[in-house]
Every structure is written in structure tokens, then in C-alpha cells.
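The structure is shown first.

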Amino acid sequence: MLTYYIITFGCQMNKADSERLSFYLEKNNFILAENQFRADVLIVTTCGIRQSAENRVYSLVHQVKKKNPKTIVVITGCLSERKDVRSRIKNKVDIWLPIKELTSLVPKIKNKISNPLIAKDYLSVAPKYESAFSAYVPIGNGCNNFCSYCVVPYARGREKYRPASEIIKEVRGLIKNGYKEVILIAQNVNSYHSGSIDFTRLLARVNDLPGDFWIRFVSSHPKDISPKLIEALGRCSKVCEHVHFALQSGDDEILQQMNRQYTAAHFQNLVKKIRSVGRKYKPGLPMAITTDVIVGFPGETRKQFLNTVKVFKATKFDMAYISQYSPRYGTASYQMKDDVSKVEKKRRENVLTKILSQTARVNNKYYLKKIVPVLIEGRNRQGEWYGKTRTYKLVRITGTPVNNLAGSFGLVKINKVRDLSLEGNIIAQYE
Ligand code: SF4
């Protein structure tokens, strides 16, 4: 019997892909190894969004092959189809596996030859879920948008969506097994379609399944968030009061250069509508808005950056993932001059981080002295329980009981707020 180990970099979609790989390998009698150095087969689910993540893959593959040259190294994910990556580490990689060819992995391992036949759609392979109470459920894969800085359309190909019946079946199974949180994922959930079912209808169908569970979804593209979907966020009681969608820049010219196909005003209008629907249907918790932003895109002047600052201040995000632009091989912006210095990119990142800390803290003050439901995830290094609210706020639970709370809901009274987290004590626990 062969042993395997998987190391995953990057987004939730990659994590979901790794869960499917685990299940597929174990179904084919592979056994999980203790670590990467003891595995017969090491699979690296790669991310090409940032250079730092890419560099970690190079160093990992190098270390593993040095220690155990017989390990079969499999590269899947974003980097698996990149020509420059293939040539850079060709001597250290045994199998390149675009994720849509997942079901050809075992024959490839056995023969170590390419098998062009794809037995079935990889998303229909069942996953081995990492968590026993929260699951990522991919509803599709790939992207048609070609944002000028992004490798995803090249790495994952064009959009392909799972049939709604298959998604519902997977969610139903999770709920039956006691799962408390279902996260629907795709590169752009808003363009989901399966026959006559669009994302709004899919969300409503998942919401209608019986059981006490929360629904989240990522990622949303601002150009595709429809009024119908915003209304559904309010009407579907199980859908959490949290929307994550990427601003990327607050400057219209930069957005155009990024090929994002919306304006800053459109983004802000969406935020306004989402918050207003939240107040109307779910007044108990303020709708949390989180985002992604890139600073130092080629040609971004200080004046253009100040437009992002303006949108940042006005929107009052609850969380933002701020990245410094780094050119990705094969993308349209790779041809543009990366002309904002590293120092200036760092400065812009710091400016936005400071605003984020202030706005998130102000938003968090709402929670002080309130009792909120929290899905408890585990213990931190100090042994304290922690979890997340429906609004995706991290909550540290102090003075907690010794019994196991992981995977249960708790009612937590918030008695302290920080910039990016809350703190409180549990007053009730329920399944
Ligand atoms: S929407 Fe843009 S940033 Fe998101 S995956 Fe597609 S191309 Fe990449």
C-alpha cells in the first residue's frame, strides 16, 4: 500500500480540492502518511496568486526530493499548468496534475505516464472533509473574467458549474452528519447556473433544507451581484450576515486597467444596498462587509491610491485582505511595467491597514454587552475556546468550561472588543 501526504497553499477552493484528493486516494487504498518526508506520494496543491506562495512550493519540493528522492511529487492547483514553473522544477516533479484531471491521478501514479482520459468531473468526487462541523462545498470551478493580474482563468480554465441536484445532495448529507456550517465556494459564485437555477435560487434551495446550520459563500464578483441576490441575503434566514467581495481598487482607471468591469461607485452602491437589506430583514446583527484590495498596481499614482483610501474610509470594512501587487507570469498585467516601488507598496498597505483597524474597531463596538451566537471552532494556544459569529467576527471565549465545545453553537456575551476580534464569555451552549 502506498502512503500519501497533501500540502495545501492558498484559497478555500484549494482546500476543497485537497479534501477531494484525500478521499479519492483513500478510496484507492492509499494511507495518510505522518508528514511530507514519510510519504510515497506528496501532493502539493499550489497557489499562484502571490510570489511568496510560489516560492514556498519551490523550497518544499526541493527539500522533499533532497531528503527522499524516491517520493513521487505531484503538483496540482494554480502552478500545474504554468510553463515557466514546469521548466523551473521539471527535475523535481513527477506528475503535473491540472485539478480537472484529478481522477486520472492513481493511474498516473501507478504508471507514471500521462493518462489523457478524464474518468469523470473531479467535483463529483466526494471529499474527505477536514472539519467535522464546517464544510466547503464547491459549486463550480474556473473563471471567465480574466482580471488582468490574475492567473486563475489560465490555471483552472473556464467556468464550469456542478448540477444543483448534486450540490443539494452533498449539503443534505453534511447536515445529516451534524455539520453546522456550509460554505458554498467558486471563483465567482454569482455567475453560477445549472439549467434554470442561478445562484440566488441555489441559495434559496440550500436555505430551505431542514436543520440548524449556517450558510456562507465566497467569492462574489461586484459586477455580478444582482438586486435579486441582495434581496435573498435578507430573506434566507440561514445565510449569514456577511458578504465578502473584492474591491481591488477604489480608482476607476485602475479598475479598468485591472479589467474588473465595475466602478468604485457601483461597489459602494452595492455595499449600501446590502447593508440596507440587512437592516430590513436581519436587524439583530449589522451586515459585515469584507474585501480584497491590491496596492501598487502598475501605474497606480498616489492620487489614484487616494481614491482607494476614500472608498476604504467611506465603506468601513470589517476586514480586508490587502496585497501588494506582484506580477504573475502569463497574465495581461505581466506585460505592464511594475513601476510602484516596494517601499511605496508597503506604505500604501500600511495606510489601508491603519484605516481598516479603525473602522473594524468602530464596527466591533456594536457588539459590546450583546449576546451573540458563535460557532465554536476549537481552542487556541492558551487553551481558550474560539469561534466565529454569523458576521465572521473572531471571538475569543474566556473563562470557559472544560467540556468539549468544538462544533457546537454557543451564546456568548461580548465584554471586550479589539480591532479585528471580540472577546466574551459563554452563557449557553446548544447543538
Ligand atoms: S474574478 Fe478575476 S480575480 Fe477572481 S478568479 Fe476570476 S479572474 Fe481571478
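Helix α8 crosses α10 in a right-handed manner; a crossing is right-handed if the near helix is turned clockwise from the far one by less than a right angle, and left-handed if anticlockwise. The model is predicted: local features need pLDDT of at least 70 and side-chain atom pairs pLDDT 80 or more, while totals for chains, interfaces and linings use all residues. Residues are numbered from 1 along each chain as its sequence is written, and side-chain values use heavy atoms, without hydrogens and water.

The two helices pack at about 30°, with axes 8 Å apart. They are therefore roughly parallel to each other (angles under 35 degrees count as roughly parallel). The contact (heavy atoms within 4.5 Å) is made by these residues:

| Helix | Range | Residues in contact |
|---|---|---|
| α8 | residues 227-235 | I230, E231, L233, G234, R235 |
| α10 | residues 264-281 | L270, K273, I274, V277, K280, Y281 |

By class, this contact has six nonpolar, one polar and four charged residues.

There are eleven aromatic pairs, counted where ring centres of Phe, Tyr or Trp (its six-membered ring) lie within 6.5 Å. One of them, F297 with Y325, is edge-to-face (planes over 60 degrees apart), at 5.3 Å centre to centre and 70° between the planes. F297 lies in the loop between β14 (288-295) and α11 (302-315), and Y325 in the loop between β15 (319-324) and α12 (342-364), so the pair ties together parts 28 residues apart in sequence. Both F297 and Y325 are buried (under 20% relative accessible area, 1.4 Å probe, protein chains only). F245, F267, F312 and F317 form one aromatic cluster.

Key
Axes are lines fitted to C-alpha atoms, for helices over the stretch in contact, and angles run from 0 to 180 degrees between N-to-C directions. Helices (H or I, at least four residues) and strands (E, at least two) are DSSP runs, numbered from the N terminus. Angles under 35 degrees count as roughly parallel, over 145 as roughly antiparallel, 65 to 115 as roughly perpendicular and the rest as oblique. Ala, Val, Leu, Ile, Met, Phe, Trp, Tyr, Cys and Pro count as nonpolar, Asp, Glu, Lys and Arg as charged, and the others, Gly among them, as polar. Rings of Phe, Tyr and Trp (its six-membered ring) pair if their centres lie within 6.5 Å; planes under 30 degrees apart count as stacked, over 60 as edge-to-face and the rest as tilted. Buried means under 20% relative accessible area, exposed over 50%, partly exposed in between (1.4 Å probe, protein chains only).
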